[in-house]
Amino acid sequence: MAGMAPSPAPATVNIKIDGVPYTVPKGANVLDVCLKAGRQNQDYPDQREGGPHYVPHFCWHPGLSISGNCRMCFVKVTTYMKKGDQMVPNTMPTIACNSVVAEGMEIDTRSDEVQKIRAGIMDLELLNHPLDCPECDKAGECRLQDYDYDYGNDHSKFDFKKVDRHIKSLGSKINIWGTRCILCSRCIRVCDEVSGTSELAFVNRGDRSVIDIFPTRPLENELALNTVEVCPVGALKNKDFLYTARVWNLEENAGVCGLCSKGCATRVDSLKGVVKRIMARENVAVNQYWLCDQGRLDFKWVNGDKRFDRPLLKASSGPDKSVSWAKGYAAAAELLQKAATDSANAWALIHASATNEELWLFKKLTQALGITNIAVIAAPDRKPIDLKGFKAPADANANRAGARLVLGVASAEESLTRFIEAAKSSKARHVLVVSGLPHGFEGLSALTEALGQQSVENIVALDFQQGLLTELAQVSLASQTWFETGGSWINADHRLQAFRPALPFGIKGRPVTEILQELLSRVAPQGAPMAAAPAAQAAGAATAVAAPPVTRPRVVLGAAALFDEMAAQVESLKGHSHLSLVRSKGARVEL
Ligand code: SF4
Ligand code: SF4
Ligand code: FES
């Protein structure tokens, strides 16, 4: 009608997949829709997860442009066209990855005709493939292998010599088995579109085509290992993981990378408690489908031989200085009680990758002890990543924002400088250090120098590995890494993310949250502050030291319960729970 605004086009269309009706976004990719339809988890599934309308595919990837070269994603599509006053069906096989949904579309992913097309494509994919699955590192998670079981013929119709292609190193991190390559071009598109460095290309033609680098330009960019992860077959291999485990023996657990303040979603693959490799997990709001190579390779410290299991007492006469946990806790509590009686000269330090839950307990412990001199240890900056489709900040600390929120320490560097000055002027006689930095105090020589001052009488340390700190400390309590404990972090974009333990059984030591709760129960059994206010102490007033612990806590709270306790009191965290954050992969918070 004249004068009326046209009604907006609907943002969704109604389609049927294998006869099941769905309402999906208008203009959505047919393959993407088929992979997600009928599944609760809307992440891009791999072939092992499948789904009710799973469509096999090699070259399509949700984070890359469409190439449409493998032809494996054939489906049969029926659309309706108006002819006169009749709607006439038009059915044809088509590749799903290069089609978009339309109102009334019917998609067939399962019929015999579709299966037959797939079997034909598998014949072509396997034409020159060596079928060396028993010695291939990809076996067990290879699309070619899995699709062959699902759709392939049981024998090849081709009886001639296969084309040989190169097997070589593409750089310090990656090898290629050209013989296994199915020429899907995913790796080329990662280098063109994600890193933007374009090291890879097809060379030669026809059945001689092979992936290669340009002379003098190895595949060394900071995102290079993403090519290995997207390779659907065993052509590209991560040298670090090669032949270290069979993938079907690996335990896969979700994690969040703590090596910088981006907080990429990861999958930690371990074998009998030993981390073997780190893979990317989808989090569109943070890292999409990618990880930097540091995030994939810098995990050896978790399995490292510097880990220790029992508390260390410097004064112990034993050869390795290790004592029982009961003795370690008692010694630590005694030194902390001493610190509480001299709180003007007492400091408490915690690292900037500690979880919010650890920061929260640290805060409670320092409050109970009356320690107001707080410093945050930040690992030195790393080289930021500024590539075409992936950026990551220089800040190598996972939770600087959390330390600001929970402890109120605006600048970690300034707080640490204050501690260093205090130590140098003999005003830091008692120090509690909660460390957990992957590379210890590397690049923090001023801090180690300060801790080594003669005037620093007592150091109680929590750390997961032995190093300079445990050498200096009177008592060192063996803690765990963030791989072994759950918790939450706030990244550089103020995204609050929670995670569960990626190594649920722990390698060595005890969770920091457990140790801090035990210390808290020993120095302030009723949760009350144990020392008098600093002003009263300065005036020489009697100090209200808490009675020695008579009861131990009956329950050690886990990360989820600690988060709830914290969220009830910290405004920015209200309304969130550990579970909701794990499920939603995080939420932005106002700080
Ligand atoms: S090396 Fe892998 S990702 Fe690259 S084209 Fe070959 S099969 Fe595809
Ligand atoms: S960008 Fe940062 S958080 Fe992401 S994988 Fe790399 S180091 Fe880890
Ligand atoms: S996934 Fe569609 S053609 Fe390769």
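Which residues touch the most other members of the largest nonpolar core? Select Ile15, Ile107, Leu200, Phe390 and Phe483: in this core of 90 residues, they are the ones. A nonpolar core here is a set of buried Ala, Val, Leu, Ile, Met, Phe, Trp, Tyr and Cys residues joined through side-chain atoms within 4.5 Å, and buried means under 20% relative accessible area (1.4 Å probe, protein chains only).

Before moving on, a note: this is a predicted model, where local features need pLDDT of at least 70, side-chain atom pairs count only at pLDDT 80 or more, and totals for chains, interfaces and linings use all residues. Residues are numbered from 1 along each chain as its sequence is written, and side-chain values use heavy atoms, with hydrogens and water left out.

Now zoom in on Phe483. Next, select Ala339, Ala348, Ile374 and Ala524, which are among the 61 residues of a second, separate core.

Last stop: the largest cavity, with about 120 Å³ of space. A cavity is a set of points on a 1 Å grid over the protein atoms alone where a 1.4 Å probe fits but cannot get out, and lining residues have an atom within 4 Å of a point. Select Val256, Cys257, Thr266, Trp482 and Phe483, the closest to its centre of the 18 lining residues. Domain 2 (159-303) and domain 3 (315-537 + 550-588) both supply lining residues, so the cavity lies between them; these bounds come from an automatic or database domain assignment.

Terms used:
Chains lettered and ligands numbered in written order. Buried < 20%, exposed > 50% of the residue type's maximum accessible area, 1.4 Å probe, protein only. 1 Å grid on protein atoms, 1.4 Å probe; cavity = no way out; pocket = protein on both sides within 12 Å on 5 of 7 lines; lining within 4 Å. Points joined across faces, edges and corners; volume = space filled by probe spheres on them.
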